[in-house]
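Here is a briefing on one protein model and its ligand. Please look over the sequence and the 3D view before reading the points below.

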Amino acid sequence: MVSDATSTGQARRPAPPTPEEVRGVLESVIDPELGADIVSLGMVPSVEVADDGVVTVEIKLTISGCPMRADIQKEVKDRVELHPGVSKVAITWGEMNAEERSEVMTKARWNARENAPDTMVPSTCNVLAIASGKGGVGKSSVTVNLAAALAGLGHTVGVLDADIWGFSVPRLLGIDERMEAERVDGHDKPLIIPNERRVGDGLLKVVSTGFLVGEDTALMWRGLMLTKAVEQFLRDVQWGELDYLLIDMPPGTGDVQMGLARMLPKTDLLVVTTPALAAQKVAQRAADMAKRSFLKVVGVIENMSAFTDSAGVEHALFGSGGGEALAASIGAPLLGQIPIEPSVSAGGDAGDPVSIAGVGPAADVFRSIAEHISTELAPVVDPDQVDMAGCTARLFETVDAAFAELDAKA
Ligand SMILES: Nc1ncnc2c1ncn2[C@@H]1O[C@H](COP(=O)(O)OP(=O)(O)OP(=O)(O)O)[C@@H](O)[C@H]1O
């Protein structure tokens, strides 16, 4: 344990505060990562106040190297020192054990759900964010193909291109109209109307900065706060009815995951990796970030798996084993392995995802993953049949089990 102390050096001090009063002050200190105050999160096991006004606060961090430590320290000192009768603030640091950590995470998830800002995404919609540790692994191709395959099963599927300045969803889906905005009763700002594309009996509703700016002007958006743009797409878009919302995440950004966890706390994450073991390590980072922002990783998808030539010989161009290794290390199932196939890139170039009407193993794997999502991983819920309390309890059980498993492996 280490200790920090500063002096406010007041001449005639009023009586020191009680430990309860100090706790009251500490309730205004928010852990920036967990989004709740440090007292209700159980991070302050003890507060002692000496007769001479020295306040000693014990703070337990989730991990000893917590990057938020300096912020918390400053906030605690600044706020407690201002309290009349305080001469010094000393902080002793501790680290939570696995059980305490899991308790804090549960509380943080409750808080996140309770304080989630309003979004236009229906509460019964299944939200799946598709992430990868780095660019070029086929994350956008996987997103649009899964979305199209889910629509092919008759679902209404939103696609949010959160890859704000690296967007490729418009091209991959062959949509290039600009999005319109419309005034809607009860909203002070006009709402953005997603672009639509029918797939069989289903419907895709697509939102991308690509529909607001031309592909060439995207670079000008660099100054835009990524999280703000994603927030806007969740809040100011007239999504209407949705069975699924698939979010194409920008590569490797923790900020957007944090923002999503706050706006749509029930978002589940699918991690895309290639078979190369090095890529798998990078993808693991995306999964770790998810864990920190309390998103649950529900599956791993390996893309660019072995290519089979016309003679039926397999070529593992990008190595092998990455998907399986990643799935095992994060404790999530490997949902499928999509082979390298010219039909995938040709479909992307033509704006016609191979999963819609394509033939061949890649199209089949996309469709079978969509089927699995639709029947097992995230079946569509009928809003009239939802037992919200039971559902939430079950959800927490699943999430807690997943975190406990991850903690055991860490
Ligand atoms: N299974 C596959 N077989 C053949 N080509 C593929 C496959 N998956 C993706 N590709 C091709 O690889 C390239 C990169 O794919 P994509 O744009 O989906 O990757 P990404 O991870 O979203 O990249 P970025 O982060 O740069 O947007 C594209 O040209 C795409 O057509």
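Helix axes here are lines fitted to C-alpha atoms over the stretch in contact, and angles run from 0 to 180 degrees between N-to-C directions. Helices (H or I, at least four residues) and strands (E, at least two) are DSSP runs, numbered from the N terminus. This is a predicted model: local features need pLDDT of at least 70, side-chain atom pairs count only at pLDDT 80 or more, and totals for chains, interfaces and linings use all residues. Residues are numbered from 1 along each chain as its sequence is written.

**Overall fold**

- The protein has 13 helices and 18 strands.
- Of its 410 residues, 42% count as buried. Buried means that 20 or more other C-beta atoms lie within 10 Å of the residue's own; exposed means 12 or fewer, and partly exposed lies in between, with C-beta atoms placed from the backbone.
- Take contacts between residues at least 6 apart in sequence: 78% of them join residues at least 24 apart. A contact needs C-beta atoms, placed from the backbone, within 7 Å.

**Helix H4 against helix H12**

- H4 (139-152) packs on H12 (residues 361-377) at an angle of about 65°, and their axes are 9 Å apart.
- On the H4 side, the contact uses Asn-145, Leu-146, Ala-149 and Leu-150. H12 brings Phe-366, Arg-367, Ile-369, Ala-370, Ile-373 and Ser-374.
- By class, this contact has seven nonpolar, two polar and one charged residues. Ala, Val, Leu, Ile, Met, Phe, Trp, Tyr, Cys and Pro count as nonpolar, Asp, Glu, Lys and Arg as charged, and the others, Gly among them, as polar.
- The buried residues of H12 are Ala-362, Ala-363, Val-365, Phe-366, Arg-367, Ile-369, Ala-370 and Ile-373.
- Their cover includes H4, S15, strand S18 (334-339), H10 and helix H11 (354-357).

**Ligand shell**

- The ligand has 21 residues around it; Gly-135, Gly-138, Ser-140, Ser-141 and Ser-345 come nearest. A residue counts as near if its C-beta atom, placed from the backbone, lies within 6 Å.
- H4, strand S15 (296-305) and helix H10 (342-350) each supply at least two residues of this shell.
- The shell divides into seven nonpolar, 11 polar and three charged residues.

**Annotated binding site**

- An unreviewed UniProt entry lists Gly-133, Lys-134, Gly-135, Gly-136, Val-137, Gly-138, Lys-139 and Ser-140 under "binding site". UniProt positions follow the numbering used here, feature names are shortened, and annotations may be inferred rather than shown by experiment.
- Gly-133 sits in the loop between strand S7 (126-131) and H4. Gly-133 counts as buried because it has 23 C-beta neighbours inside 10 Å.
- Gly-135 lies in the loop between S7 and H4. Gly-135 has 13 C-beta neighbours inside 10 Å, so it counts as partly exposed.
- Setting aside residues up to four places away in sequence, Gly-135 touches Gly-166 and Pro-251.

- Met-304 lies in S15. Its phi is positive, about 65°, although Met-304 is not a glycine.
- Met-304 is buried because 26 other C-beta atoms lie within 10 Å.
- Glu-196 is in strand S11 (residues 195-199). Glu-196 counts as partly exposed because it has 13 C-beta neighbours inside 10 Å.
- Beyond its neighbours within four places in sequence, Glu-196 is in contact with Leu-203, Leu-204 and Lys-205.
- The C-alpha atoms of Glu-196 and Ile-175 are separated by 8.4 Å; these residues are 21 apart along the chain.

Definitions and conventions. Two residues are in contact if their C-beta atoms, placed from the backbone, lie within 7 Å.
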